[in-house]
Amino acid sequence: MSAQTYLAYDYPLLSIFWSMLLFFLWIMWFILLFRVVVDIFRDDAMSGWAKAGWLVLTILLPFLGVFVYVIARGKNMGRREIAQARAQQEAFDAHIREAAGGTGRPSSADELAKLSEIRARGDITDEEFRRAKELVLTGHGPAEHAGSTARTPGR
């Protein structure tokens, strides 16, 4: 053994450092391996035979297969990861909107905007607008109730 190798074993702290470094690299290797396997299955642009070929290569020759995959297709791995994260976020946001909306009834702000539009066209008077606005703000009825007393334009 060389003098540098003996140095690592003469000092226990240095030996612990090397052991932890190797353990960290070993864990990082498995993370990379699993990310490559997940990316193989996630890629919709690849045919089934191509997926099978990459999977066989990464299982039979893991180091070579992963490194070749990262070199050949690594640029788009991040893009697919981001696309999947965005799709998950959009699905989550849609679920939250659906759960928060509950009945699918328009919000008070939407109803007030419609009432303002109706008043601006001259279909309802200021008094009718005020009563409909009170109904919307108190939550006793939608803006459609105000439309029942609306005057027909030209009358």
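Predicted model: local features only at pLDDT ≥ 70, side-chain atom pairs only at ≥ 80, totals over all residues.

Visitor: Which average pLDDT does the chain have, and where is confidence lowest and where highest?

Guide: Confidence is highest in helix H3, at a mean of 91, and lowest in helix H7 (residues 144–147), at 47. Over residues 143–155 pLDDT stays under 50. For that stretch the model has 15 contacts beyond four places in sequence.

Visitor: Let us turn to the aromatic rings. How many aromatic pairs are there?

Guide: A pair of aromatic rings is described by the distance of the centres and the angle of the planes. With centres within 6.5 Å as the rule, the count comes to 7 aromatic pairs. One of them joins phenylalanine 17 and tryptophan 18: the ring centres are 5.4 Å apart and the planes stand at 65°, so this pair is edge-to-face. Phenylalanine 17 is partly exposed, at 45% relative accessibility, and tryptophan 18 is partly exposed as well, at 42%.

Visitor: Why does the pair of tryptophan 29 and phenylalanine 63 count as stacked?

Guide: Planes under 30 degrees apart count as stacked. The planes of tryptophan 29 and phenylalanine 63 are at 25°, with the ring centres 4.4 Å apart, so the pair belongs to that class. Tryptophan 29 is in helix H2 (residues 12–42) and phenylalanine 63 is in helix H4 (residues 62–101), so the pair ties together parts that are 34 residues apart in sequence.

Visitor: Are these two residues buried or exposed?

Guide: Tryptophan 29 is buried, with a relative accessible area of 13%, whereas phenylalanine 63 is exposed, at 52%.

Visitor: Which residues form an aromatic cluster, and which residue lies over the face of phenylalanine 129?

Guide: One aromatic cluster is formed by Phe23, Trp26, Phe30 and Phe34. Over the face of phenylalanine 129 lies arginine 119, at 4.0 Å from the ring centre.

Visitor: Where do aspartate 43 and arginine 80 lie, and what does their pair tie together?

Guide: Aspartate 43 forms a salt bridge with arginine 80, with 3.6 Å between the closest N and O atoms. Aspartate 43 is in the loop between H2 and helix H3 (48–60), while arginine 80 is in helix H4, so the pair ties together parts that are 37 residues apart in sequence. Aspartate 43 is buried, at 5% relative accessible area, and arginine 80 is buried, at 14%.

Visitor: How many residues apart are arginine 130 and glutamate 127?

Guide: Arginine 130 and glutamate 127 are 3 residues apart, about one turn of the helix, and both lie in helix H6 (residues 126–138). Their salt bridge has its closest N and O atoms 2.3 Å apart. Arginine 130 is partly exposed, with a relative accessible area of 35%, and glutamate 127 is partly exposed, at 40%. Elsewhere, salt bridges that share partners join Asp39, Asp43, Arg73 and Arg80 into one network.

Visitor: Finally, is threonine 58 buried or exposed, and which residues does threonine 58 touch?

Guide: Residues under 20% relative accessible area are classed as buried. Threonine 58, in helix H3, is buried, at 3% relative accessibility. A polar atom of the threonine 58 side chain lies 2.9 Å from the backbone oxygen of leucine 55. Leaving aside residues up to four places away in sequence, threonine 58 touches Leu33, Val36, Val37, Ile40, Gly65 and Val66.

Conventions. Residues numbered from 1 in each chain as written. Heavy atoms only, no water. Phe/Tyr/Trp six-rings, centres within 6.5 Å; stacked < 30°, edge-to-face > 60°. Buried < 20%, exposed > 50% of the residue type's maximum accessible area, 1.4 Å probe, protein only. Helix = DSSP H or I, 4+ residues; strand = E, 2+ residues; numbered from the N terminus. Lys NZ or Arg CZ within 6 Å of the ring centre and 35° of its normal. Salt bridge = Lys/Arg side-chain N within 4 Å of Asp/Glu carboxyl O. Polar contact = N/O pair within 3.5 Å; in protein donor to acceptor, adjacent residues only side chain to side chain. Contact = heavy atoms within 4.5 Å. pLDDT = per-residue confidence, 0-100.
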